[in-house]
Amino acid sequence: MDNNKMNRGILTALTGIGLAQGLKILTHKRLAGKWDWKQVFTTGGMPSSHSAGVSALATYIAANRGSRHTETALAVVFGVIVMYDAQGIRRHTGEIAKLVNELEDSFATISKDFPSLEFVQREKELKELLGHQPLEVLGGALLGTALGLISARYEDRK
């Protein structure tokens, strides 16, 4: 295997991640009605950059090495684990953080009625948007798959 192919695989995956993060600015604008450039640095949201990166890599490898190659199998299994984690465990962690933040707000309200109750509210709430909805994972996977195919085709033309 020559080093150009390995470097193109890394470049393809990182490009998928970068494009997905950039697209979050547009989807946030569409949903919230305002531009927020900080979305480039957020987790969660549409499309999933995790899914875009691993799908781009797996597709690129499959297009170059074939679907029966061990590298393809590794990339696909790695990708499935990452996407499952993004829409499962990380999303549920965000939902728990939301409940904890709501509980703390309720406790702060209740503590005002009981002066003897000492309650010190945290300055920052827990981050709630950690994972992805299944549609966000699918959006990232489709973006990554398209990018992986484009990258492999571009390389074939060289």
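1. Start with Glu-71. Glu-71 is partly exposed, at 26% relative accessibility. The model is a predicted one, and its values are computed from that prediction.

2. Glu-71 has a charged partner. Its side chain meets that of Arg-65 in a salt bridge, at 3.1 Å from N to O. Arg-65 is partly exposed as well, with a relative accessible area of 36%. How many salt bridges does the structure hold? It holds one.

3. Now the overall layout. The protein chain has five helices and zero strands. Read from the N terminus, the order of elements is α-α-α-α-α. The chain counts 158 residues, and buried residues make up 35% of them.

4. Take the contacts between residues at least 6 apart in sequence: 74% of them join residues at least 24 apart.

5. Two helices deserve a close look. Helix H2 covers residues 49-65, and helix H3 covers residues 70-87. Their axes come within 9 Å and cross at roughly 165°. Angles over 145 degrees count as roughly antiparallel, so H2 and H3 are roughly antiparallel to each other. The crossing of H2 past H3 is left-handed.

6. Which residues of H2 and H3 meet? On the H2 side they are His-50, Ser-51, Val-54, Ser-55, Ala-58, Ile-61, Ala-62 and Arg-65. On the H3 side they are Glu-71, Thr-72, Ala-75, Val-76, Phe-78, Gly-79, Val-82 and Met-83. By type, the residues of this contact divide into nine nonpolar, five polar and two charged. Both salt-bridge partners, Arg-65 and Glu-71, are listed in this contact.

7. Thr-72 belongs to helix H3. Is Thr-72 buried or exposed? With a relative accessible area of 5%, Thr-72 is buried, because buried means under 20%. Neighbours within four places in sequence aside, Thr-72 is in contact with Ile-61, Ala-62, Arg-65, Gly-66 and Ser-67. Of these, Ile-61, Ala-62 and Arg-65 are listed for H2 in its contact with H3.

8. Finally, helix H5, residues 134-157, which holds Ile-150. Ile-150 counts as exposed, at 56% relative accessibility. Where does Thr-59 lie relative to Ile-150? The two are 91 residues apart along the chain, and their C-alpha atoms are separated by 9.6 Å.

Conventions:
Residues are numbered from 1 along each chain as its sequence is written. This is a predicted model: local features need pLDDT of at least 70, side-chain atom pairs count only at pLDDT 80 or more; totals for chains, interfaces and linings use all residues. Side-chain values use heavy atoms; hydrogens and water are left out. Axes are lines fitted to C-alpha atoms, for helices over the stretch in contact, and angles run from 0 to 180 degrees between N-to-C directions. Helices (H or I, at least four residues) and strands (E, at least two) are DSSP runs, numbered from the N terminus. Angles under 35 degrees count as roughly parallel, over 145 as roughly antiparallel, 65 to 115 as roughly perpendicular and the rest as oblique. A crossing is left-handed if the near helix is turned anticlockwise from the far one by less than a right angle, and right-handed if clockwise. Contact means heavy atoms within 4.5 Å. Ala, Val, Leu, Ile, Met, Phe, Trp, Tyr, Cys and Pro count as nonpolar, Asp, Glu, Lys and Arg as charged, and the others, Gly among them, as polar. A salt bridge is a side-chain nitrogen of Lys or Arg within 4 Å of a carboxyl oxygen of Asp or Glu. Buried means under 20% relative accessible area, exposed over 50%, partly exposed in between (1.4 Å probe, protein chains only).
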